[in-house]
Amino acid sequence: MTLLTIDDLVVEHRTPGRPLVRAVAGASLTVAAGEVVGLVGESGCGKSTLARAVCGLHPAAAGTITVGGHPVSPLGLRSRSRALTGAQMVFQDPYASLNPRRRVGAQIADGLRTAGDRTTTPEDLLERVGLPRDFAGRFPHEFSGGQRQRIAIARALAVRPSLLIGDEPISALDASAQSHVARLMRDLAVESGAGLLFISHDLSVVRLIADRIAVMYLGRIVETGPTAEVWADPRHPYTRALLGAIPHPDGRGVLPAELPGDVPDPADPPSGCRFHPRCPLVMDVCRDREPEFGPVACWLHEPA
Ligand SMILES: Nc1ncnc2c1ncn2[C@@H]1O[C@H](COP(=O)(O)OP(=O)(O)OP(=O)(O)O)[C@@H](O)[C@H]1O
């Protein structure tokens, strides 16, 4: 069963006096029940904006989002409140996302109330995320970053989301906590039948936990596929560059050359394929026409 369907999504940021930024520019993506999808791409390519739109925290300008069978967008107030329980986000900074003045048990209890769950206790959820039950009576400042992130995960689970989203949930943690928290999110998503959309710039962790990878570039998903396949045979030149940028233990860099330049300004994207100014394999067609097909949005891989 598909839990999240994003179809041709467009999300814009409007700042007075500034050009409009189309941070998500026609992205399509699905996450199935119990599936872990890793969303990767350079900083500024629109991953957080996409995640916020899925949670109903940012309106979509066009396209559709469906979470657990309910439309999040086009956005209505009722569908928005549903979206807030349908998809739950775990943010990068566990220090900022928990209220420092409330005991953690009370914060988890808020979620249980929202879900109308009278049988589960905050202590049960703490146990599920691998923490002692008596942590419920303590305040966030008493915990390490990894423990706080586990508390944030418990709070997200309290709402019984159909989809869990981690927006760089491990990047603020110590190296030792990173893979533990990532694996925990994966295990909980699989065990509860929820899907997990895991956003991270740490490709080695994504490789460890994701069933499928979605590669985002300048507002669009340019390649999707099973993790092992994409790793063994990355097709889009951008994916190759991303994977080539991390050291392979066996010394197998797919595209060792670093990409020239930065991600272009989404307020003024290049014509044709958005990646063409940085692509080592650019062809004439790439400058003129955007490859609007999947699973590899590249003219070198146009479906027959
Ligand atoms: N509130 C905002 N107002 C204006 N522009 C924004 C806003 N939030 C994000 N942007 C712009 O939208 C684009 C996509 O940003 P977004 O944070 O979604 O990307 P990202 O891939 O999640 O990057 P990062 O990994 O750095 O968080 C960027 O160009 C960013 O500057």
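## Basis

This is a predicted model, in which local features need pLDDT of at least 70 and side-chain atom pairs count only at pLDDT 80 or more, while totals for chains, interfaces and linings use all residues. Residues are numbered from 1 along each chain as its sequence is written. Helices (H or I, at least four residues) and strands (E, at least two) are DSSP runs, numbered from the N terminus.

## Ligand shell

There are 13 residues around the ligand, and those that come nearest are His-13, Ala-23, Ser-43, Ser-48 and Thr-49. A residue is near a molecule or strand if its C-beta atom, placed from the backbone, lies within 6 Å of it. H1 gives the largest share of the shell, three residues.

By class, eight residues of the shell are polar, four are nonpolar and one is charged. Here Ala, Val, Leu, Ile, Met, Phe, Trp, Tyr, Cys and Pro count as nonpolar, Asp, Glu, Lys and Arg as charged, and the others, Gly among them, as polar.

## Nonpolar core

The largest nonpolar core has 87 residues, of which Val-54, Leu-163, Leu-197, Phe-198 and Val-215 touch the most other members. Such a core is a set of buried Ala, Val, Leu, Ile, Met, Phe, Trp, Tyr and Cys residues joined through C-beta atoms within 7 Å. A residue is buried if 20 or more other C-beta atoms lie within 10 Å of its own, exposed if 12 or fewer, and partly exposed in between, with C-beta atoms placed from the backbone.

Not counting residues up to four places away in sequence, Val-54 touches Leu-4, Ile-6, Ile-65, Val-67, Val-72, Ala-87 and Ile-165. Contact requires C-beta atoms, placed from the backbone, within 7 Å.

## Sheet and hairpin

An open sheet of six strands has the order S6-S7-S8-S3-S9-S10, with mixed pairing. Strand S6 (87-90) and strand S10 (220-226) are at the edges with a single partner strand each, so one side of each has no neighbour in the sheet. Neighbouring strands are turned by 20° against each other on average, direction ignored. Two strands pair if DSSP finds at least two bridges between them.

Within this sheet, S3 (residues 36-40) and S8 (residues 195-199) are parallel and share four bridges; Val-37 has Leu-197 as its bridge partner in S8. Separately, S4 (residues 62-67) and S5 (residues 70-73) run antiparallel and are joined by three bridges, with Val-67 opposite His-70. Two residues lie between the strands of this hairpin, where Gly-68 has a positive phi near 55°.

## Ile-213

Ile-213 is in strand S9 (residues 212-217). Ile-213 is buried because 27 other C-beta atoms lie within 10 Å. Beyond its neighbours within four places in sequence, Ile-213 is in contact with Gly-38, Val-40, Val-206, Thr-224, Gly-225, Thr-227 and Val-230.

## Backbone exceptions

Most residues other than glycine have a negative phi, and most peptide bonds are trans. Glu-168, in the loop between S7 and H7, has a positive phi near 55°; Glu-168 is partly exposed, with 19 other C-beta atoms within 10 Å. Leu-218, in the loop between S9 and S10, has a positive phi of about 45° and counts as buried, with 25 C-beta neighbours inside 10 Å.

The peptide bond that joins Gly-294 and Pro-295 is cis, with omega about -5°. Pro-295 is in the segment after helix H11 (284-288).

Definitions and conventions
Contact = placed C-beta atoms within 7 Å. Axes fitted to C-alpha atoms, helices over the stretch in contact; angles between N-to-C directions.
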